[in-house]
Each structure stands twice: as C-alpha cells, then as structure tokens.
Amino acid sequence: MLPLPRFSWEAPDRLPDLVRLAAEPGARLVAGGTDLLPSMKHRIFRPGTLVSTRRVPELRTLRVGADHSLSLGAALSLRELARHAEVRTHFPSLALALGSVATPTIQGMATLGGNLMLDTRCMYYNQPSGWRAALGGCLKCEGTLCHVAPRGAGCYAAHSADTVPVLMLLGATAVFATPNGELPIAVGELYPEDGREGPRCPPGAVLVRVEVPAPQRAVAFRKLRQRAAIDYGLLLTAVAPTPEGWEAVISAVAPQPIRVAAPTREALADAVHKAVQPLPTHQQASTWRKRMLRVEVARALASLPA
Amino acid sequence: MSNELVLHLVVNGEPARALVPASRTLLELLREDLGLTGTKHGCDVGDCGACTVLVNGLPRLACITVAADCAGEHVDTIEGVAVGGQPSAIQAAFDHHVAAQCGYCTPGFVMTLTHLFTEEPEADEASLRHALGSNICRCTGYVKILAAARDAQARMRNPA
C-alpha cells in the first residue's frame, strides 16, 4: 500500500480564487495528477493543500483563430487536444506528441498544463522512499550527492515533457495568471538549468493557457522509448526548417530541452550529436542514447517532406 | 480548507455517499468505503491499469485519482458491467477464451474495452492494441486477451 500523505482539498470554480488559493503556504496545484500523485505516494512532495485546476472555465477553453492559431486551456486533457480536428489537421506533430504521453488512459486524465509543468525525472529520484533512503537520497531530494554526476555542478534530472520540444519549435507561449494580471512566457524559457528546480512558475502564478501561433512550417517529432506505451522518453526529438537552415530541439537528456541549429538538413544530425550529451539519468545506457541521437534526428527528418 | 468531506457520487447508476479524508483515492473509496472490491489494487502509481474504472464514461486510474475530484460524477466499475444479471459480451468472451490466468488484471482490461467498444465500435486492430497499451497483464502474453476482445467486438456489432 502506498497511501497518499494527508492533505486538504480545494476545487475552486473561479480563476481569481484559483490564483489566491495557489499562493497560500503549502498549496500545490493539481490537474490530472498523473505525475504529482505517484510522487506524493513516494513522499517526494507533501503539499498541505491540493488545489484542483479542473473546474475553472478559463483553463478548459479552446479557441481557434481564423489563421488556425490556437489558444489551449491548461486543464484540457491530452486526449481532448490530440483528437481535436484543428490540432490534427494543422499541427500534426503536436497531435503526435500529445498522443505519445504514457498510455491512452493517462492521456484522458493528464492535461496540457500538467505536461508543461512536469517535474524533471531521474532514475535516482523517481523511486519509492525506501529505495531513495538506501542511497541516502540525492541532490534533488533528501540528500547532497548527485548519483548521476557525483563531481558535477548541479542536478541533471531530465526534462521529460513530451509536448515541449514540438511546442518550442511552433513558437508557443505559456500564459500565466497572477494577482497583477497576465504574464506570458515563451515555452522554451520555462525550464531552468538545474534539475532541482523543475519548471519555472512565477510565484503566485497559475498556468492558464498555451498559445500556439498560426502554423508556419512543418515540424516532425519522435519519442524514443523501450515500449510503445507507458514509458517516459529516452530521447525526445523535434526538428523543423528555419529561414536560415534547420533546427532541432532534443529533450529527456538534461534539465532543459536543448535547441540545436544547423545550416543544412544534412548537417543537423551531426550538429545534434556534437551538442547533446545524454547522462546516466535513465536505466538505458547513455552511450546507446548518444548513438541514437543521430538515428532519431534522421528518422524525424525522413518523416518531413523533402 | 476541507480535510474531511462528504462525497456524493453516482456509482454504477446508484447514488453513493461517503465521509472521507481529502487524501482518499478513488480506489480506496470504492474498495474500502463502498465495499466494491472488483476494482483491483495493482501498482498503486498509475502504471498497470488494474484499477481502471470509468468516470463519466472515460477510463480513469482509480489509484491516482483523488476521490474528492469525482464529487458529483458518474463512476462505473466492473460490478456494474453485467447486463440484467448476465455477463457483458466482453466478460463472456474473456470467459470463453480463457483470457485470464491469475485474473487480477481482468477487471481493468474489461473496463478499458468497455469504453473502447462504446466509443469506437468499429475499432481496428491497431486501435485495439493501442487502447490495450493502458493495461498490463503479467500472465497471459495477451494473445487470448486480444482474441477475446476481437470476439466480443464481433458479438457487440452483431448480437445473436
């Protein structure tokens, strides 16, 4: 049995109440709960109050612009978004990324906002409390030593949100509500360099929606994993053409998604291989993940028109 | 602040009421407060699908669902799947094909398929396999589960 630690529950139905409750000491937002609740069962987090985002209409609104730009409520489920006709037609790479998260059942529970705010992951961190205690904890939780890079400068737990590499290449913006009004932040700016912190949510702010500008270029996405369901990614790869050449965003390798540019399509795989160094944050060998970088970029490029 | 709350929900079509701590999971509510032990307690962290129930018709993992989050909602469990006291087409097909060995994962598989064939009666092989990616079985190797699912789907489309 892994009981949840005790907490109190709030489920406001107005945005100002959500913002106010989220700012109270010991409070933590919960949407689908598919990552937060397992971590609470493992005693990684013990919030005094869980504040549900699911009953606030602003977080459940989806708007489509005349130019096919999207405004996606943070509490919409991955399933709803992946099946939405506009998303499928004009942002197929986003539909693919949404549909690659965990399992179909989890996609029906988990939300877009939850995916953007997903904590960083590591094989020494996402473990039951007894497992972690046997190693004396780690830099991110209950300890002082990073088992991935004992002589390193910080925590290397991996950013693992499947939708983020694609959203970055689509130029998406996360819009937060704060007591002083709205605060837009580019999706790529949400993730700090040190894995201890997890995504940057400004104090007292609540992620309300994600804005995706009108589609301008084709983006391709791939998720490397052991099984076709449930697993977190071993490499997340998104690629797209730019006015100057090509770019890739690679994740599941570091606390931040890594953006790599190359002058030509042919040069992108080598540029990624040179710029990205997977660390042993996963059970699979990082030497193999390093070799797979070239393969995944080539596969992603091959799925785009020539 | 609500540390303990009175929950009203509709379980298998019947109104249900329970006084629970806010930290109660839906799985604990069903099994311990309402005595509905058909929904199984598996991995406890949302990986295995043994605790799959339907909330407002959609599959949810009861072990990582806060019961309070289901206030006022319709919850369907394996106990409510039978039709007029008879096993549903999916249950009958699992029985006919012996699609269970230890049987612990079966209620979860039945709930996942109940949702799939309601929403997508014409689901093809790829959709079927994709949907069953939500559930883990450590005994059967899935061959008989897939056979039972295909058979149930055929019976549901052409009731005898």
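Is B:Cys51 buried or exposed? B:Cys51 has 3% relative accessibility, so this cysteine counts as buried. Buried means under 20% relative accessible area, exposed over 50%, and partly exposed in between, using a 1.4 Å probe and protein chains only.

This is a predicted model, in which local features need pLDDT of at least 70, side-chain atom pairs count only at pLDDT 80 or more, and totals for chains, interfaces and linings use all residues. Residues are numbered from 1 along each chain as its sequence is written, chains are lettered from A and ligands numbered from 1 in written order, and side-chain values use heavy atoms, without hydrogens or water.

Start with confidence. The predictor assigns the complex an ipTM of 0.97 and a pTM of 0.97. Chain B has an average pLDDT of 96, and 98% of its residues score at least 70. pLDDT is the predictor's confidence in each residue, from 0 to 100.

Now the cysteines. The structure holds zero disulfides over all chains. A:Cys146 is in none; its nearest cysteine sulfur, in A:Cys155, lies 6.1 Å away. A disulfide is a pair of cysteine sulfur atoms within 2.5 Å. For B:Cys51, the closest cysteine sulfur is in B:Cys63, 3.8 Å away and too far for a bond. A:Cys146 is buried, at 10% relative accessibility.

Turn to A:Thr103. This residue sits in the loop between helix 5 (92–98) and helix 6 (104–109) of chain A. Helices (H or I, at least four residues) are DSSP runs, numbered from the N terminus. A:Thr103 is buried, with a relative accessible area of 2%. Leaving out residues up to four places away in sequence, A:Thr103 touches A:Ala229, A:Ile230, B:Gly133 and B:Ser134. Contact means heavy atoms within 4.5 Å.

How values were computed:
Helix = DSSP H or I, 4+ residues; strand = E, 2+ residues; numbered from the N terminus.
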